[in-house]
Amino acid sequence: MKRRSLVLILLLAVILLANGSLWAAAQAEVKPTGPVKIVYWRSLTGVAGESQDEVVKRFNESRSDIIVESQFQGAYAEILQKLQAALAAGDVPDLVLLDSPHLQIFAKDGVLVNLDDFVKKEKAGFLNDYIPGLLADGYYDDSLFALPVLRSTPLLYVNGDMLAAAGLPRRAPKTWDEFREFSKQLTKYNAAGEAEQLGAGFTTTVTSGHWYFQGAVYAYGGLVSDEDFNIYLSSPEALAVATLWQDMVFKDKTAIPSNSHDDFLNKKVGMVFGSTGSMGNLLSRADFEVIPAFMPGQKQNLVPVGGSVLAMPSTDKNRQWAAWEFMKYMTGTDAQAYLAEMTGYMPNSTSARNHPDLAAYYNANPVRKVALDQLAYVRPQASVISLPKGTEILRQMLEKLLIANMDPKQVMAETTADLQKEYNENFK
Amino acid sequence: MRRAAIKHRPLKWYAGRTFIHAILMLATIIIGLPFLWMLTTAIKSPAEVAMFPPIWWPETVRWDNFVKAWNTAPFGRFYINSIVTSVSGVFLEVAIAALSAYAFARIRFKYRDFFFLVMLAAMMIPGQIALIPNYVILAKLKWINTYQGIVIPHVSSVFGAFLLRQYFLSVPSSLYDAAEIDGLGHLKTMFYVALPLARPVLGTLVLYLFISKWNSYLWPLIVTTKQHMRTLPVGLAMVRSAEYSIGPEHLMAASIFVLVPVLVVYFIAQKQLIEGIAAGAVKG
Amino acid sequence: MSKRQLKTALRQEGVVPIRMTRRAKRDMFAFLGFTFPNFFLLGVFVFWPILYSLYLSFFKWNMIAPKKTFIGLDNFQTMFNDPVFWLVTKNTLILAFFTVVVKMAIALGLALALNKNVKGRSVYRAIIFSPTFTTSVAVAMVWGWIFNPNFGLLRVFMRPFGIPPLDWLESVTHSLPAVIIVLIWSGIGYDMVLFLAGLKNISLEIYDAALVDGVSPWQNFWYITFPLLSPTTFFLTITGFIGALKAFDIVAIMTDGGPLNTSNVIVHFLYQNAFQWFKTGYASALALILFVIIMAITLVQNRLSRRWVHY
């Protein structure tokens with residue numbers, strides 16, 4: 001009998017090989033006859049991820065005609081890759097959470113649904129509630145392609161207890177000069193020459209390293225690149241930041257490149273950068289006083305506004321309708337107030353900002369209000385971020401400065417050349 | 001002579017033995033320590049994880065780390081995907097290998113040697129060269145995010161076919177002649193004569209293929225863009241990118257989920273696997 | 001005699017049947033049928049990709065755009081002018097060399113020790129071999145945590161020697177060695193098992209003869225064991241080297257090729273170009289180069305083997 005079953009198995013295997021549809025049946029998701037099912041790709045993890053799932057859950061409970069499935073796809077940079085791969089495969093999600101600069105890449109290739117027609121069908125003034133500076137990021141070529149959803153600014157998070165122990169006031173440094181000073185005060189080496197505690201950690205990840213760097217350059221009154229892809233990395237302002245960061249790592253030895261907030265949570269470094277969106281995670285996980293604060297200023301307080309927009313790659317008319325319904329819900333007042341409260345991301349509309357729940361929440365937790373306050377000092381991110389290899393090139397710049405200790409002037413010149421080349425290859 | 005020497009064990013002999021054991025012990029510890037470190041980290045509290053020098057065993061064992069890790073991603077679904085793709089992949093590959101092996105061992109054909117060379121040439125071609133073309137083919141077939149997309153491109157068999165062919169050849173030809181006299185066709189001869197005799201090597205091949213399919217990372221990484229189609233290794237790598245909300249203890253716990261099935265298979269069948277691989281590679 | 005005449009003559013003698021017998025025909029169909037699944041899949045997923053890669057390497061294409069732009073040999077020119085390509089190639093070769101040599105040396109030592117019929121032999125063997133079958137993603141995870149500069153296990157062992165804590169994976173000098181260490185750790189068992197099998201094949205009489213001649217253990221090893229093991233050594237060198245050239249998983253997860261590409265290797269660089277930056281043409285050119293390198297190494301090793309392998 002054993003032989004016969006072996007024959008059967010082998011035959012089955014051959015049939016399977018010839019006929020992929022058998023498998024398709026096994027793995028096909030049950031197609032609902034009633035409600036429209038749409039797929040939403042989200043990024044972000046921890047509190048920021050869970051609260052998105054909660055919004056999806058609430059939406060699904062409120063509607064009988066639409067089911068949204070939320071799928072985590074990794075950090076922003078990964079979503080970018082996954083979406084490109086999905087487009088190449090012709091199998092796209094209906095909605096996707098994109099890092100705002102990435103919108104350009106996809107809108108340019110015509111793979112996102114133009115939202116103008118949907119807006120026209122809504123009542124007049126539908127868009128007026130959104131905060132204009134945030135809505136602006138959703139436009140490409142004068143057409144709306146995305147709505148603002150989880151918008152964030154870079155913040156400086158400091159360990160209040162560590163500051164106090166070092167004899168410093170319980171507040172974040174206000175300028176980059178002060179940042180350097182605080183760092184020195186916080187740093188402790190033991191007798192063996194091992195660093196027990198350092199002032200600051202600089203993020204060099206491909207996702208957000210460039211963002212904090214941009215923030216510092218803005219504070220010095222400079223720019224990384226403008227809308228026409230003129231690159232200003234060799235300007236005195238950008239050079240000043242590059243030199244400062246490098247000196248703190250290699251001359252002062254009061255800072256390190258640090259790619260995870262674990263160093264901050266484990267009290268190895270006293271100050272780190274993070275998104276407003278990290279606030280929920282950091283406040284809930286730390287066993288010390290976390291003070292979220294503005295990025296240090298220098299000549300001015302100005303930061304690149306980041307975070308995400310919700311865009312629609314859906315190719316099916318019916319699902320597009322369903323996707324639009326969910327877009328409205330997720331960017332609407334209640335969901336935004338909830339998300340802002342849970343994550344620390346900024347509310348995207350006037351009505352959400354004035355939502356009674358949120359106002360009450362900010363009153364009870366004034367520390368969280370910093371995100372909202374910083375909104376007065378924002379400008380868009382550098383255009384080079386939207387190049388396919390843009391964030392990678394800027395990560396390499398940070399690694400050259402903070403790990404390889406290369407001459408800042410040379411690094412900035414090389415980075416400029418690399419970005420220029422990438423622009424010529426991909427946008428011209 | 002060697003046997004005779006055993007009776008009189010000089011001091012030098014004991015010294016030599018001790019030395020040998022010391023070396024083997026050291027190697028065993030170096031190989032085993034990462035596994036132990038993984039386990040103890042997985043059951044520590046966050047505070048214990050962030051201790052230096054580290055402690056080897058936590059004060060209270062935190063089994064709930066596994067629950068938290070399990071909930072960071074749909075690990076149940078990943079398990080199903082890994083099992084479906086590995087098992088079906090092994091069946092297909094073994095079937096294909098057996099058919100080719102039998103043809104090369106027992107069926108007379110003018111251009112057999114030429115075909116054999118072509119097949120061996122395929123072994124020289126690194127699979128990585130095919131990543132992009134295969135992705136394009138799969139995209140055209142709409143096979144991205146499907147089980148067949150994960151499995152089919154990797155079930156052609158050169159090594160397995162080669163290995164089985166050697167065994168089929170080593171079967172005494174009188175058995176084949178008997179089958180022929182009984183009027184058995186090639187398919188029946190393969191099932192009733194060749195395969196049963198090759199059972200030991202077949203078993204090793206199945207185990208070996210199962211483990212390597214279970215562990216594969218690059219191809220499933222590329223062809224799955226949807227969470228519910230990810231296999232365990234890809235899912236695990238995704239969990240790690242959640243760096244801001246998941247501690248090392250959860251990462252290690254999640255790694256253990258992925259490892260358990262292979263380690264169980266390995267330790268049950270380690271003798272067969274090790275000896276099979278040694279024999280296969282030496283003869284191959 | 002012409003060829004035709006020869007054939008006719010032979011046929012008359014009944015030597016060469018010019019038409020296929022029914023049986024030969026049936027065998028032909030059986031052969032083609034039996035091998036069809038394998039050759040079909042090999043054709044589609046192994047052989048065709050070489051041609052298609054070659055084709056793609058002449059184009060600029062981002063995988064999404066409907067049209068591919070023909071750019072001739074530009075991808076190859078870009079590649080040869082790209083310092084990152086040369087760095088990545090160098091890293092790959094360094095990685096392959098050190099991984100193979102160190103791994104084999106240690107594995108041989110362990111195999112010699114295990115071959116002495118020690119107690120607990122099978123336990124030692126099972127544990128040392130286990131990383132071979134351990135999921136590489138999980139291996140990379142645990143080693144990433146071992147290399148953690150603050151709380152990692154490695155720091156425990158470095159401290160007594162006064163070596164300051166170091167972030168291996170974020171260091172331009174140490175990230176590649178870190179990857180090599182992990183690859184050696186994972187690969188020792190396999191090499192050891194094959195060496196053990198090789199040692200088994202050496203007949204004891206040779207040693208007994210040597211014993212009579214009063215040969216020292218070292219001479220024993222160097223003049224008998226090592227040369228007789230050369231087929232195994234050769235096999236492991238080729239497969240190990242080629243395997244190391246294809247390293248991806250550990251690099252992708254532990255270091256992502258960084259910092260500054262100091263631990264980047266060809267396959268990972270190819271992956272980045274193809275699936276992260278969508279430079280499909282350039283990545284195809286890289287794939288071809290990998291193919292050429294592997295072919296060249298196989299051929300060179302084949303030639304060398306004639307000189308030093310004693311079968």
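How far apart do the C-alpha centres of domain 1 of chain C and domain 2 of chain C lie? They lie 49 Å apart. Domain 1 of chain C spans 1-39 and domain 2 spans 76-308; such bounds come from an automatic or database domain assignment.

The model is predicted: local features need pLDDT of at least 70, side-chain atom pairs count only at pLDDT 80 or more, and totals for chains, interfaces and linings use all residues. Residues are numbered from 1 along each chain as its sequence is written, while chains are lettered from A and ligands numbered from 1 in the order in which they are written.

Chain B is also assigned two domains, domain 1 (2-67) and domain 2 (73-241). Their centres, taken over C-alpha atoms, are separated by 37 Å. Chain B has 15 helices and 0 strands. Here helices (H or I, at least four residues) and strands (E, at least two) are DSSP runs, numbered from the N terminus. The radius of gyration of chain B is 25 Å, well over the 19 Å that the globule rule gives for 284 residues, so chain B is more spread out than a compact globule. This radius is taken over C-alpha atoms, and the globule rule is 2.2 Å times the number of residues to the power 0.38. Along the principal axes, the C-alpha atoms of chain B fill a box of roughly 75 × 75 × 30 Å. Of its 284 residues, 50% count as buried. A residue is buried if 20 or more other C-beta atoms lie within 10 Å of its own, exposed if 12 or fewer, and partly exposed in between, with C-beta atoms placed from the backbone. Among contacts in chain B between residues at least 6 apart in sequence, 77% join residues at least 24 apart. Two residues are in contact if their C-beta atoms, placed from the backbone, lie within 7 Å.

The contact between chains B and C takes 73 residues from chain B and 76 residues from chain C. On chain B, the helices that each supply at least two residues include H2 (11-42), H5 (75-106), H12 (199-215) and H14 (232-240). H15(B) gives the largest share of this side, 15 residues. The side of chain B divides into 56 nonpolar, 13 polar and 4 charged residues. Ala, Val, Leu, Ile, Met, Phe, Trp, Tyr, Cys and Pro count as nonpolar, Asp, Glu, Lys and Arg as charged, and the others, Gly among them, as polar.

The axes of H14(B) and H6(C) (residues 136-146) come within 9 Å and cross at roughly 25°. Axes are lines fitted to C-alpha atoms, for helices over the stretch in contact, and angles run from 0 to 180 degrees between N-to-C directions. H14(B) and H6(C) are therefore roughly parallel to each other. Angles under 35 degrees count as roughly parallel, over 145 as roughly antiparallel, 65 to 115 as roughly perpendicular and the rest as oblique. B:Pro233, B:Leu236, B:Ala237 and B:Arg240 meet C:Val137, C:Ala138 and C:Met141.

Within chain C, C:Ile188 sits in helix H8 (residues 175-200). C:Ile188 counts as buried, with 26 C-beta neighbours inside 10 Å. Leaving aside neighbours within four places in sequence, C:Ile188 is in contact with C:Lys103, C:Ile106, C:Ala107 and C:Ile128.
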